[in-house]
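Here's a quick tour of the charged pairs in a protein model. Have a look at the structure first, then read on.

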Number of protein chains: 2
Amino acid sequence: MSPRFTVIGNYISPYVRKVLVCLELKGQAYQIDPIAPFVGNERFGELSPLRRIPVLIDGELVLNDSSVICQYLEDCFPAPSLYPTDAAQRAKARWLEEYCDTHLASVLVWKLFYQKVLRRRFFGEETDEAMMNHALAVEIPAALDYLERQLPDDGFAFGALSIADISIACYFRTASFVRYAIDAARWPRMANLVERVQSLPAFQALARLEDVMLRVPLAEQREVLQAHGAPLTSWSLGGQPPRKGFARME
Amino acid sequence: MSPRFTVIGNYISPYVRKVLVCLELKGQAYQIDPIAPFVGNERFGELSPLRRIPVLIDGELVLNDSSVICQYLEDCFPAPSLYPTDAAQRAKARWLEEYCDTHLASVLVWKLFYQKVLRRRFFGEETDEAMMNHALAVEIPAALDYLERQLPDDGFAFGALSIADISIACYFRTASFVRYAIDAARWPRMANLVERVQSLPAFQALARLEDVMLRVPLAEQREVLQAHGAPLTSWSLGGQPPRKGFARME
């Protein structure tokens, strides 16, 4: 029997990772169709009107947007809770999630990882070095300054592990694919938090599969993922990638 | 005594409108600093790290992002609820809100209202006619097709009024500033929904103040808003607008 939940989305995506971590932490089984970024056939377009990943399928319900999906999982499975109990702290956790989904995504994913890897490998275009260097020199440090001020001296952002910690760790995981690491001397709270969250079993289990995606050419990914125990769907909505040879990342 | 809540953000913004409508519907008093879009002094930058409006201030708590703020107001004041009770419907309502905040904002606000009014009046730049015409001919109709399919034959999206209906109506209100109206023959459910929601007293009360903003030059807005009963703050975080003469919109 298929598990209750199906996720459409690639292990490389920080948005997808956020949803998978929540499913893992809440002990919910799922199957996944790890379609490559920027592809997806017509059926995918019907399920995801903005052609974004992740998509969560739960019976008749089809949900888009990682924040909406994570909140839905919390509503369905309140324990372990991934949102602070106090309304003000819960709001701040949701804001930090939103800050990650928009601003960290912009500076770490689109201006760094995408520029350094995907743009070249997937679309055959040159890296925008000026944009990337500005992100590294100015924008990423400013985001780290802001986040550092939001954290306590030690531990998670709001006592127990929450969606805020998970979101922060997800984006810095994607940044680590291009060897970006937080300078622990300059941002000790952030470096400590990200290391702590990424060490959780839920993150570690996913990290092994992410490493497969980074090492293996697109055409062989499903087979190798299966061999590594990834809970793959028997079908795929993945269309044709824009360019052959999307493979080995740095 | 000042009311509990302070909102920083202009009546023209659909994101701000969403928050104000929720405050009105929940019967919560607030004061507002209607700073012009794209301005705001250093203190504003401290309160809003991405320099976006709205900001909600509730005592020591400073919140950013309209979706986070509306959910916080729901958590603090559960009645009248603006989120469906059923978890699946609640998730779908949150998705429609997100669809509005990203995609409707893109096609109705940035590619239409901003191009037609703000870009010229505020920055002295020319309208990008090609972008605007593509939005009008292709993107806005496609968004209306999608939203029309999400609605029931009659009434609100999920039975009682919810954040989904409010969001949709907020974006089409900003579009109406440049005389965009939904073709009721082609999208009857959407036309009916938007009219119904915009007729609510909460929307009507705000509409009178929005009309002031559209008619009155920037330098005179606070005075005229005050005369119209707007609950203004005694202070303002508004900085200098990029260009003099931001005034009379069409």
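This is a predicted model: local features need pLDDT of at least 70, side-chain atom pairs count only at pLDDT 80 or more; totals for chains, interfaces and linings use all residues.

Residues are numbered from 1 along each chain as its sequence is written, chains are lettered from A and ligands numbered from 1 in the order in which they are written, and side-chain values use heavy atoms, with hydrogens and water left out.

Side chains of opposite charge can pair when their charged atoms come close. Searching the whole structure turns up 28 salt bridges over all chains (a side-chain nitrogen of Lys or Arg within 4 Å of a carboxyl oxygen of Asp or Glu). Here are three of them:

| Pair | Closest N to O |
|---|---|
| A:Glu97 and A:Lys18 | 2.6 Å |
| A:Arg222 and A:Asp33 | 3.3 Å |

Take the A:Glu97 and A:Lys18 salt bridge. A:Glu97 lies in helix 4 (residues 87-123) of chain A and A:Lys18 in helix 1 (residues 14-25) of chain A, so the pair ties together parts 79 residues apart in sequence. Helices here are DSSP runs (H or I, at least four residues), as are strands (E, at least two), numbered from the N terminus. A:Glu97 is buried at 4% relative accessibility, and A:Lys18 is buried at 0%. Buried means under 20% relative accessible area, exposed over 50%, and partly exposed in between (1.4 Å probe, protein chains only).

Over in chain B, B:Arg189 is partly exposed at 27% and B:Asp153 is exposed at 62%.
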